[in-house]
Amino acid sequence: MTALDVAPEVAALVPQEDLVILERQAATTFECLRCRQPGRLPETPAAVILRRDGDVMVANLAHRSCSRSRVLETPGLAQAVTSPAAGSEAIAIAAMLPAGEAGFFTPALLVELETTVSHRVPETGDRVDQVLSWALGHGLCLMPSMDVLSEPVPGWAVEIRGERGLRVESPGDPLYDGELTVVDAWRNAVAQLRACYLLLGTGLHLREAPTPEDVLRRLDHAAETGWLAAGLVVVRLS
Ligand SMILES: [Zn+2]
């Protein structure tokens, strides 16, 4: 028996690629759907719980000691995830990321939406991540293809309010409205550029990342696996 328990009824619905991604992410960390405590594969055996509402399915992990692998019918799930901008909890981190030549850093804002949704498009059978496909449909691009000198993406804006206020506008909807901790180097760089890179991802567990190096490692990993959207966006300081 492996460390990841997948019931036949779950395996019948979740594409193998999704399970591979889930398992890979859980090797960094996962949050148990039941007790909300962290775990990590393979040290902590886990079970895949698939929450389902019609065509919309969300695969989560639980400690195997907390739940067996199963399909959980979850009415209302589809509504909660069709508008990622409205329904998600988000976390934002300001970071200086290495860019271009060695020793050169550029300001970036990392926003993690705490919804990992794999949605099967009925017409094509394609597997897409709701949040990412929504972001890509609104002008962001997948991280590896990010053009370092690109123009700001229309419709997106980052507003820094005073010492700690942050608002991220996406086309049509506010994406994040909350607090942000910034260091002077980041604030100065952003004030000069009037722009920063916005990186948008899911399943990164940035809240549990203990160090900046760990944040970078998780971003690299997400970029490699194609689960990170990015774009240059204008910044307003007020
Ligand atoms: Zn648990």
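Which residues does Cys-196 touch, not counting residues up to four places away in sequence? I looked this up first. Cys-196 touches Pro-107, Ala-108, Leu-109, Val-158, Val-190, Val-233 and Val-235; contact here requires C-beta atoms, placed from the backbone, within 7 Å.

I note that this is a predicted model, where local features need pLDDT of at least 70, side-chain atom pairs count only at pLDDT 80 or more, and totals for chains, interfaces and linings use all residues. Residues are numbered from 1 along each chain as its sequence is written.

**Cores.** I listed the nonpolar cores, each a set of buried Ala, Val, Leu, Ile, Met, Phe, Trp, Tyr and Cys residues joined through C-beta atoms within 7 Å. I took a residue as buried if 20 or more other C-beta atoms lie within 10 Å of its own, exposed if 12 or fewer, and partly exposed in between, with C-beta atoms placed from the backbone. The largest core has 44 residues, and Leu-110, Val-111, Cys-196, Leu-198 and Leu-199 touch the most other members. A second, separate core holds 20 residues, including Val-6, Val-14, Cys-32 and Ala-47.

**Helix α2.** I used DSSP runs for helices (H or I, at least four residues) and strands (E, at least two), numbered from the N terminus. Helix α2 spans residues 16–26, with Ile-21, Leu-22, Gln-25 and Ala-26 buried. Seen down the axis, the buried residues of α2 fall within an arc of 130 degrees, so they line one face of the helix; the arc is that of the directions from the helix axis to the C-beta atoms. Gln-16, Glu-17 and Val-20 are exposed, on the face turned away from the buried side. The cover over the buried residues of α2 includes β2 (30–31), β4 (46–53) and β5 (56–63).

**Strands β4 and β5.** I checked their pairing, for which DSSP must find at least two bridges between two strands. β4 and β5 pair in the antiparallel sense over 8 bridges. Leu-50 stands opposite Ala-59 in β5. Their hairpin has 2 residues between the strands, and Gly-54 takes a positive phi near 65 degrees there.

**Backbone exceptions.** Most residues other than glycine have a negative phi, and most peptide bonds are trans. I found Arg-36 with a positive phi of about 65 degrees, in the loop between β2 and β3. Arg-36 counts as exposed because it has 9 C-beta neighbours inside 10 Å. Arg-194 has a positive phi near 55 degrees and lies in the loop between α6 (184–193) and β15 (195–202). The peptide bond from Leu-41 to Pro-42 is cis, with omega near 0 degrees. Pro-42 sits in the loop between β3 (38–39) and β4.

Note on methods. Contact = placed C-beta atoms within 7 Å.
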